[in-house]
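Me: I would like to learn how to read a few local features in a model. Please take them one at a time, with the general idea before the case.

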Amino acid sequence: MKFLEKYILGIALALLLGTQAMTAQTVRLHMKSGETLEYNCADVDSLTFIPAEKPSPKFQLAVSDIGIASATLSVTPDDNAVRYYYDVCTREQYDALSGGVEEIVTSYIEYLKGRYPTLTMEQILGNTLSQGADSDQLTGLPAGTEFVFYAIAVDDEGKCYGKAATTTFSTLPGGDPADGAGNALRSLRALLDGYRGRGKFLGRLCTDGTGAARSGGLCCLYGYEHGRARAEGNLCRRHRA
């Protein structure tokens with residue numbers, strides 16, 4: 001046990017023991033290991049209780065049906081009671097993050113809170129997070145690009161906790177349309193896939209790219225800095241802005 005932990009534990013027990021312990025000059029703590037710790041009460045300036053960290057949920061990530069501009073994401077958590085957020089970003093953007101994927105998720109939730117001030121945190125999280133096994137098909141991805149697929153647990157206050165699960169994948173190269181009709185057709189299909197994907201926000205809030213709200217007062221958020229439209233070839237998001 002580290003010294004600071006021993007110190008805090010000793011003072012905490014002194015408080016729990018009552019007035020006699022608080023008026024005593026010394027607190028003696030007998031550990032199960034046989035070790036005896038002793039503290040001078042006059043040296044105590046303040047007492048801080050440190051809550052135990054939440055266990056880190058684990059996630060199994062799988063990517064399938066990878067194409068020029070599309071891929072299917074699948075997440076299986078080890079605990080179906082845990083709520084979590086999953087998405088992708090380019091490898092370049094992931095490497096530039098100073099706070100890991102938590103930086104993306106936290107800023108996204110904060111944005112939603114500011115964008116929809118009349119909604120409660122539970123309404124926002126209920127329409128943004130996943131629970132249990134989940135999957136999604138992404139379209140409109142830039143061809144020949146490496147992505148990082150991630151999932152991380154989020155608590156009821158919208159804060160990330162535990163370690164994010166990550167895996168990488170790359171979309172297929174798009175080719176040069178000048179190389180032949182086949183490549184040109186694939187490029188056209190990729191472009192159309194991107195436009196068909198516009199307006200999707202978990203598939204529950206918007207039916208198309210018009211931004212017309214369906215439920216909960218949420219709608220498409222095209223201008224969000226971390227999730228511009230997929231067809232623009234920027235950071236791809238399932239919950240696109």
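Me: In which loop does Asp65 lie?
Reply: Asp65 lies in the loop between strand 3 (59–64) and strand 4 (70–77). Helices (H or I, at least four residues) and strands (E, at least two) are DSSP runs, numbered from the N terminus. This is a predicted model, in which local features need pLDDT of at least 70 and side-chain atom pairs count only at pLDDT 80 or more, while totals for chains, interfaces and linings use all residues. Residues are numbered from 1 along each chain as its sequence is written, and side-chain values use heavy atoms, with hydrogens and water left out.

Me: What phi does Asp65 have?
Reply: The general idea is that most residues other than glycine have a negative phi. Asp65 is not a glycine, yet its phi is positive, about 50 degrees. The residue sits in the turn of a hairpin that strand 3 and strand 4 form with 5 residues between them.

Me: Is Asp65 buried or exposed?
Reply: Buried means under 20% relative accessible area, exposed over 50%, and partly exposed in between (1.4 Å probe, protein chains only). With a relative accessible area of 58%, Asp65 is exposed. Strand 4 reads otherwise: 6 of its 8 residues are buried, so the strand is largely enclosed by the rest of the structure. For the chain, buried residues make up 41% of the 241 residues.

Me: How many bridges join strand 3 to strand 4?
Reply: Two strands pair if DSSP finds at least two bridges between them. Strand 3 and strand 4 run antiparallel and are joined by 6 bridges.

Me: Ser135 brings up Tyr86. How far apart are Tyr86 and Ser135 in sequence and in space?
Reply: They are 49 residues apart in sequence and 9.5 Å apart in space, C-alpha to C-alpha. Tyr86 lies in strand 5 and is buried, with a relative accessible area of 0%.

Me: Which side chain makes a polar contact with the side chain of Tyr86?
Reply: A polar contact is a pair of N or O atoms within 3.5 Å; within protein, one must be able to donate a hydrogen and the other to accept it, and residues adjacent in sequence count only if both atoms are side-chain atoms. The side chain of Tyr86 makes such a contact with the side chain of Asp134 (3.3 Å). The backbone oxygen of Ser135 also lies 3.3 Å from a polar atom of the Tyr86 side chain. Strand 5 holds Thr90 as well. Thr90 is buried at a relative accessible area of 10%, and its side chain makes a polar contact with that of Gln93 (2.7 Å).

Me: How many aromatic pairs does the count come to?
Reply: A pair of aromatic rings is described by the distance of the centres and the angle of the planes. Rings of Phe, Tyr and Trp (its six-membered ring) pair if their centres lie within 6.5 Å; planes under 30 degrees apart count as stacked, over 60 as edge-to-face and the rest as tilted. By this rule the count is 6 aromatic pairs. In one of them, the rings of Phe59 and Tyr84 have centres 5.0 Å apart and planes at 55 degrees, so the pair is tilted. That pair links distant parts of the chain, with Phe59 in strand 3 and Tyr84 in strand 5, 25 residues apart. Phe59 is buried at 11% relative accessible area, and Tyr84 is buried at 0%. The rings of Phe147 and Phe169 have centres 5.5 Å apart and planes at 20 degrees, so this pair is stacked. Phe147 lies in strand 8 and Phe169 in strand 9, so the pair ties together parts that are 22 residues apart in sequence.

Me: Which residues form one aromatic cluster?
Reply: Phe59, Tyr84, Tyr86 and Phe149 do.

Me: Which residues of helix 4 are buried?
Reply: They are Val101, Ile104, Val105, Tyr108, Ile109 and Leu112.
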